[in-house]
Amino acid sequence: MTGGAGFIGSTYVRRHLAERPDDEIVVLDKLTYAGRRENLADAPPSQIEFAEADIADREAVARAVDGCDAVVNFAAESHVDRSIAEPDAFIQTDVFGTFVLLEAARDAGIRHLQISTDEVYGSIEEGSFTESSPIDPSSPYSASKAGGDLLVGAFQKTYGVDALIVRASNNYGPYQHPEKLIPLMVLNAMAGDRLPVYGDGMQVRNWLFTEDFASAIDVVLERGEAGEVYNVGGPEELPNIEVVKRILELTGRDESLIDHVGDRLGHDRRYSLSADRTEGLGWRARVHFDEGIERTVAWYRDNRDWWEPIRSGEYREYYERQYGTKLGS
Ligand code: NAD
Ligand code: DAU
């Protein structure tokens, strides 16, 4: 598994190992600003081997895959706003890094499961994207992820690699980096800070609790077919402003904290996924937004030790660059 020290990757490792005590996972992670070794502290150490390395490093990747049954590639630069400001790392990791992993899976003769995103399809006004919808990415992030996906398809067709893709909608839950909408709003609301809503806040996202996504990944890893794509969407679609208002209720704050700031460049208006194909493999999302957001807010309230070091480090500089001139005092 690559990117196992990040938000979704660490949730997947914890859940997978709790359910399969005989499995062992090699986690390869570069520990960028988004990756933290502590995210795996609750996973049984005897079942994890950790390699601090870049997925674009051929030798490190070859060592890590030796003896593995499959590669699951979570590693990516994952934040759209950072991709708009500085796209280079996105191309390097999300495209070139995926290519290196695919070569390693081909050479080792093992399965490659690519963790991808609904953002590769672009925005949809009505209805839902299916796996045969065309790719039409809007941001450097989603274009890089689409590049990775195209390489997965090409390696499957050209070299017969046992490769497949899952594309998920917006995840939320414990351990998510505070640069993303939900944790950013929760932590700002808890501190009584301004809440920067981009544009009119009517952009719609399809929210998926991370534990539900983690369970879908195992279903696809075990039952999915090579060369296929599997969409994994959450049970609810909500405009951002509704999400922010729900967080205000749960943190006991009022709407005067909301600041409508300048919109994100190339901002996709709506994402919506049909998960019929993945549900056909036996998967169902179990956590509805009302429950998931309560659990998430409670986790951030109870885990100050986890987020305080993040909010005081590199994040402060990023936050100033991203929001400094946009926000009222
Ligand atoms: P994250 O930013 O929290 O974690 C990314 C992890 O990858 C970190 O541990 C980081 O250290 C590691 N990493 C980054 N570059 C690396 C490199 N070159 N080599 C090795 N490790 C590297 O991301 P996340 O939100 O957990 O997303 C995980 C995956 O799921 C990504 O591929 C993302 O595109 C995809 N995805 C995310 C969402 C979402 O809502 N967060 C939805 C759909 C798909
Ligand atoms: O859809 C799946 C994608 O979801 C993943 O592929 C990405 O890795 C993940 O970061 C996420 O991308 P989004 O851009 O949708 O997530 P983000 O949390 O950055 O923003 C969610 C929405 O909230 C989006 O419409 C932008 C808006 N937003 C975000 C931030 C950070 C704000 O209004 N204000 C903010 O400060």
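Salt bridges and their surroundings

Modeller: Let us begin with lysine 30 and aspartate 54, which form a salt bridge with their closest N and O atoms 3.4 Å apart. This pair links distant parts of the chain, 24 residues apart: lysine 30 is in the loop between strand 1 (25-29) and strand 2 (48-52), while aspartate 54 belongs to the loop between strand 2 and helix 2 (58-65). The term salt bridge stands for a side-chain nitrogen of Lys or Arg within 4 Å of a carboxyl oxygen of Asp or Glu. Helices (H or I, at least four residues) and strands (E, at least two) are DSSP runs, numbered from the N terminus.

A word on what you are looking at: this is a predicted model, in which local features need pLDDT of at least 70 and side-chain atom pairs count only at pLDDT 80 or more, whereas totals for chains, interfaces and linings use all residues. Residues are numbered from 1 along each chain as its sequence is written, chains are lettered from A and ligands numbered from 1 in the order in which they are written, and side-chain values use heavy atoms, leaving out hydrogens and water.

Back to lysine 30, which is partly exposed at a relative accessible area of 44%. Here buried means under 20% relative accessible area, exposed over 50%, and partly exposed in between (1.4 Å probe, protein chains only). Leucine 31 has a phi near 55°, a positive value in a residue other than glycine, and is partly exposed at 26%. Tyrosine 175 also has a positive phi, near 75°. Its place is the loop between strand 6 (171-172) and helix 6 (181-191), and at 13% relative accessibility tyrosine 175 is buried.

Now for other pairs. Arginine 106 and aspartate 107 meet through their side chains in a salt bridge of 3.1 Å, N to O. Arginine 106 is partly exposed at 28%, whereas aspartate 107 is exposed at 61%.

Arginine 277 and glutamate 228 form another salt bridge, at 3.0 Å from N to O. Because arginine 277 lies in helix 9 (residues 276-279) and glutamate 228 in the loop between helix 7 (210-223) and strand 9 (229-232), the pair ties together parts that are 49 residues apart in sequence. Arginine 277 is partly exposed at 36%, and glutamate 228 is partly exposed at 28%. Elsewhere, salt bridges with shared partners join Arg15, Glu19, Arg20, Asp218 and Glu222 into one network.

Stepping back, a search of the whole structure finds 26 salt bridges. The chain has 12 helices and 11 strands. Its radius of gyration is 19 Å, close to the 20 Å from the globule rule for 329 residues, so the chain is as compact as a globular protein of that length. That radius is taken over C-alpha atoms, and the rule is 2.2 Å times the number of residues to the power 0.38. Of the 329 residues, 56% count as buried. Finally, among contacts (heavy atoms within 4.5 Å) with a separation of 6 or more, 82% come from residues 24 or more positions apart.
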